[in-house]
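Here are my notes on the model you sent. They are set out as numbered points.

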Amino acid sequence: MPRTVTLTFDNGPTADVTSHVLDCLAKHRIKSTFFVIGKQAETGDGGALMQRASAEGHWIGNHTYSHTTPLGELEAAAAVWEIERAEQVLSRLNQPRRLFRPYGRGGRIGHHLLHPAAVATLLAGNYTCVLWNSVPGDWRDPDGWVHRALEEARTADWSLIVLHDVPSGAMLHLGRFLAQLREEDVEIRQEFPARCTPIVDGRVVQPIEQYVANAPVESS
Ligand SMILES: [Zn+2]
């Protein structure tokens, strides 16, 4: 069975790690997506790394401005601000489409991911919401994640893998991981599997209730 992997790198940019990841991806001629934290991307160093990633053909997505609380646990205005403030930072880049990935807190999928007001913002702003189906846990197991990621890639037909370009030491193994995927003839694509994108270009294309916090009861 042909297998496919899509790589994403969350929670950067960070000074030394993101440049190492970019070097690895360039060496293996792989395009990916970086879901960046707005407040890190707006620094001088962060901005330069994002410019480089974009120039090298990677997509740059919005992963909230501060990445401190899942949007479904915030008030409406704060949830919207997290998206829009980060998007202001990304507007300096010339990106083909607006990509947003919610903060999952440990890679969990659930109602905490989105607030109803955040969904409205994503729809009005023509965003594509990019979730995931493989979280090998690189940040908590910097050496063991490669084995888990390979196991998941071998058993799923199309894995959308979440990795992190943060200084955990995990990305020291990225080159080895990419070489092994090549060795096993896994196709590596930049596009996302449809089942991981419940909102595409501002349109809801799959049920999203499972990702959205219950709307607060308005007093009238
Ligand atoms: Zn994150």
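**Notes on the fold and the zinc site**

1. Of the contacts in the protein chain between residues at least 6 apart in sequence, 81% join residues at least 24 apart (contact: heavy atoms within 4.5 Å).

2. This is a predicted model, in which local features need pLDDT of at least 70, side-chain atom pairs count only at pLDDT 80 or more, and totals for chains, interfaces and linings use all residues. Residues are numbered from 1 along each chain as its sequence is written, and side-chain values use heavy atoms, with hydrogens and water left out.

3. The protein chain has 7 helices and 9 strands; these are DSSP runs, with helices (H or I) of at least four residues and strands (E) of at least two, numbered from the N terminus.

4. The zinc ion has three protein donors, Asn11 (OD1), His63 (NE2) and His67 (NE2), at 2.0 to 2.2 Å. Donors are N, O and S atoms within 2.8 Å of the metal (3.2 Å for Na, K and Ca), and since water is not among the atoms, sites may look incomplete. Asn11 lies in the loop between strand E1 (4–10) and helix H1 (15–27), and His63 in the loop between strand E3 (59–62) and helix H4 (76–90), so the pair ties together parts 52 residues apart in sequence.

5. Asn11 is buried at 16% relative accessibility, and His63 is buried at 2%. Buried means under 20% relative accessible area, exposed over 50%, and partly exposed in between (1.4 Å probe, protein chains only). Buried residues make up 55% of the 220 residues in the protein chain.
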